[in-house]
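User: Here's a model I'd like to go through with you. Pick one part, give me a close look at how its pieces are held together, and keep it chatty.

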Amino acid sequence: MKLPDQTRRPTSREPLPTRCADAPRPRLALPQLPVIRRSALRVAAGAGVVAATAGTVSIVRGCSAPGGNDGSPTVVDATRADYVIDPKTNESRYDVVDLPLAERSSWTLGLGNVLHPGEGTWLPVTTAGSSAAPMVKGSALSTADGTLREVVAEPLSSDKTSFVIYDVRCSDAVYAWVELDLLTHAWVLYASAFAGGALAGSPTKLWEAGADYDPAPFAVAGTKVIWQVMPALSGSKTTEHSYCYVWSLGSGEAKSVVESPGRFATEPLASGGTVTLVPRVNAEAGVYYGITAYTLSDDLATQVDRLVLPATVRPLNAVRIGDEFAFSIEATYASGGLLGTMGTYVGHGDGPFVALSREPAAAVAGRGRTYVIRASSSYFVVDAGSRTYSTLSAANRCINYGEYPARAGECDSFVTFSTIKAQDTGYPESVNVRSFSFGS
């Protein structure tokens with residue numbers, strides 16, 4: 001369902017509307033878990049605000065803020081790049097220094113544990129089950145002492161044989177997860193209060209959809225869950241718009257906050273009080289993606305900043321760190337200037353952009369003007385303030401391309417994980433987690 005046209009688009013500093021003033025508010029009484037039924041999905045996905053309190057569900061037809069017509073594309077040449085390493089000569093332009101990260105802790109986990117980016121003491125983990133049912137469990141790892149806790153032992157969905165826990169995210173206050181039916185590709189997004197490594201309340205069903213919609217990319221920050229509902233690349237809904245929703249723990253409603261005339265380019269990433277989304281923008285002019293930071297405290301009602309990429313250029317990931325966007329481009333395009341070239345960039349407006357011309361592999365993490373950028377087999381730790389850099393090597397005997405980050409955006413500690421091969425057999429043996437602190 002299309003949203004009503006807006007009479008005037010908000011400027012970059014104006015609050016974005018989240019619902020129509022005259023939107024009706026029907027309420028549906030339902031037992032136990034709150035649920036958005038598939039029959040209501042079309043209405044809710046088009047423009048709704050969906051309640052998520054135990055016992056009842058209210059669906060409010062509202063007005064999402066469009067991704068926007070929103071700025072000219074940023075097309076700049078190499079003169080706007082502050083290269084860490086010269087892409088033509090491979091010579092360092094920044095000074096090479098000792099690693100400013102100090103390894104604080106290291107833990108060994110069993111095989112089959114995969115960490116996901118998190119902001120707090122507890123990090124979300126998917127854990128391989130000991131049998132086919134359940135195939136995957138939802139867990140959490142404490143970065144205080146390395147304790148791994150089982151949080152969701154099995155899917156809540158009634159069919160335990162075909163549903164698996166597909167993805168998990170958490171803060172220190174909320175745990176959220178997606179369950180996926182491997183046979184039909186239907187999926188459900190749940191969330192619950194979380195404390196001390198365990199669920200601290202009854203789970204809430206935030207969304208469900210069939211195979212025509214991709215499993216929701218989502219993030220958890222503080223007491224909020226942010227997720228995107230996007231049509232699958234194949235199916236009967238490919239031409240529909242995409243929407244971003246926000247739900248707060250204890251709230252009776254989930255708000256539809258951002259509309260994209262097409263699929264979002266990246267997953268939502270929360271950092272330093274902002275959420276970065278990459279909706280389609282300037283749709284009348286062509287395919288453009290706008291890297292956009294919104295304020296988390298007002299449920300993405302305020303747009304903080306936006307950087308529109310050159311035509312057809314799609315970022316691999318994007319996050320806000322301080323006053324800068326940190327984003328990666330995973331291919332080199334035929335046009336688009338500097339930002340149409342493979343690499344990782346940090347900056348805003350027309351630049352200059354700190355640029356690392358290496359194939360990107362994960363979202364950037366950092367603190368202040370220090371950025372941790374994952375390349376194919378190691379990390380570059382770049383201090384843009386002092387124009388220095390160092391490298392963090394992957395753990396010994398890592399499989400394939402080394403370790404992966406479990407932080408994204410602003411963080412006080414940097415955490416990585418990797419699967420380690422046994423020295424005598426060469427077979428996978430364990431999962432190694434390392435935690436690093438930033439130098440003073």
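Analyst: Let's start with a facing pair: Ser413 sits opposite Ser437 in β37. Bear in mind that this is a predicted model, where local features need pLDDT of at least 70 and side-chain atom pairs count only at pLDDT 80 or more, while totals for chains, interfaces and linings use all residues. Numbering runs from 1 along each chain as its sequence is written, and side-chain values use heavy atoms, with hydrogens and water left out.

Strands here are DSSP runs of E, at least two residues long, numbered from the N terminus. Strand β36 (residues 413-421) runs antiparallel to β37 (residues 428-438), and nine bridges join them. Zoom out and you get an open, antiparallel sheet of four strands, ordered β7-β37-β36-β34; two strands pair if DSSP finds at least two bridges between them. At the edges stand β7 (101-109) and β34 (404-405), each with a single partner strand, so one side of each has no neighbour in the sheet.

Now the side chains. Glu103 and Arg434 make a salt bridge, with their closest N and O atoms 3.8 Å apart; the term means a side-chain nitrogen of Lys or Arg within 4 Å of a carboxyl oxygen of Asp or Glu. Glu103 belongs to β7 and Arg434 to β37, so this contact ties together parts 331 residues apart in sequence. Arg434 is buried, at 11% relative accessible area, whereas Glu103 is partly exposed at 43% (buried is under 20%, exposed over 50%, partly exposed in between, using a 1.4 Å probe and protein chains only). Glu403 joins in too: Glu103, Glu403 and Arg434 form a salt-bridge network.
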